[in-house]
Amino acid sequence: MSHRRLIAIVGGIGSGKSVVSQVLRCMGYSVYDTDSHARTLMHLDEVRHAVERRFGNVYASDGRLQRDKLARIVFADPAALQDLNAIVHPAVCRDVAQWAQGRAVSFVETALLEQSGLRQVVDEVWRVQAPQDLRETRIMQRSGLNIQEVRQRIAAQRVEDVVVPTDKLIVNDGLMPILPQVINLLGEGHFFQPKT
Ligand code: ADP
């Protein structure tokens, strides 16, 4: 059985995607978190073999990925990062599509809808939006990064902010509460159905 409705939760870093995902989970919906699943997918045989072919010995003898080692390689070399993404992103897309099968309504949280190819996998896009100064403050509080580092991370995703289409908007500006907006969107989409 193929999935009936898969919705992407997108938005820049610090916009509040994780908070919206948590709200949805509290309401009983399934939300696929691309960050945490990507870690698991790095240990699938097909992914591991492709990574080793390209980057050499970046897995420890117990089979665990040496993330620091790989990060040092890819963050020093844009071509290497592109190659890593070319291995990981299709694996994520396949995994999301499979995970969503048989679920009436499900969600996938991602900062990289376009770049990952997930745009082709989802039916609808909900964007979480917050003013940049508030995002900066939230990220600094969450991570301990300084303002320059935070701005670098925001800028690194700017392409996604511009090109990704949006079907529905959730405003997370610290004034509008999130929950009523989510309930509204679920109602508009007729998503108040059995969730499995
Ligand atoms: P994203 O997943 O888009 O990067 P998060 O959901 O992690 O963003 O939010 C960034 C930080 O801001 C988190 O520490 C989160 O708890 C906080 N935050 C987000 N929205 C709100 C809000 N409406 N009120 C208070 N804190 C918030």
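I began with I7, which lies in strand β1, residues 6–10; strands here are DSSP runs of E with at least two residues, helices are runs of H or I with at least four, and both are numbered from the N terminus. I note that this is a predicted model, in which local features need pLDDT of at least 70 and side-chain atom pairs count only at pLDDT 80 or more, while totals for chains, interfaces and linings use all residues. Residues are numbered from 1 along each chain as its sequence is written, and side-chain values use heavy atoms, with hydrogens and water left out.

**Entry 1, I7.** I looked up the accessibility of I7 and found that it counts as buried because its relative accessibility is 0%, where buried means under 20% relative accessible area, exposed over 50% and partly exposed in between, with a 1.4 Å probe and protein chains only. Setting aside residues up to four places away in sequence, I found I7 touching V105, S106, F107, V108, E124, W126 and F191, a contact being heavy atoms within 4.5 Å. I also looked up the distance to E109, which is 102 residues from I7 along the chain, and the two C-alpha atoms are 8.6 Å apart.

I then turned to A111, which sits in the loop between β3 (106–109) and α6 (113–116) and counts as partly exposed at 25% relative accessibility. Beyond its neighbours within four places in sequence, A111 contacts G11, K17, Q157 and E160. K168 is 57 residues from A111 along the chain, with 16 Å between their C-alpha atoms.

I searched the whole structure for disulfides and found zero, taking a disulfide as a pair of cysteine sulfur atoms within 2.5 Å. I recorded C26 as exposed, with a relative accessible area of 67%, and C93 as buried, at 12%.

Which residues of α7 are buried? They are R135, E136 and I139. Viewed down the axis of α7, these buried residues fall within an arc of 100 degrees, so they line one face of the helix; the arc is that of the directions from the helix axis to the C-beta atoms. The face turned away from the buried side of α7 carries exposed D133 and Q141. Just after α7, I noted that G144 takes a positive phi of about 80 degrees.
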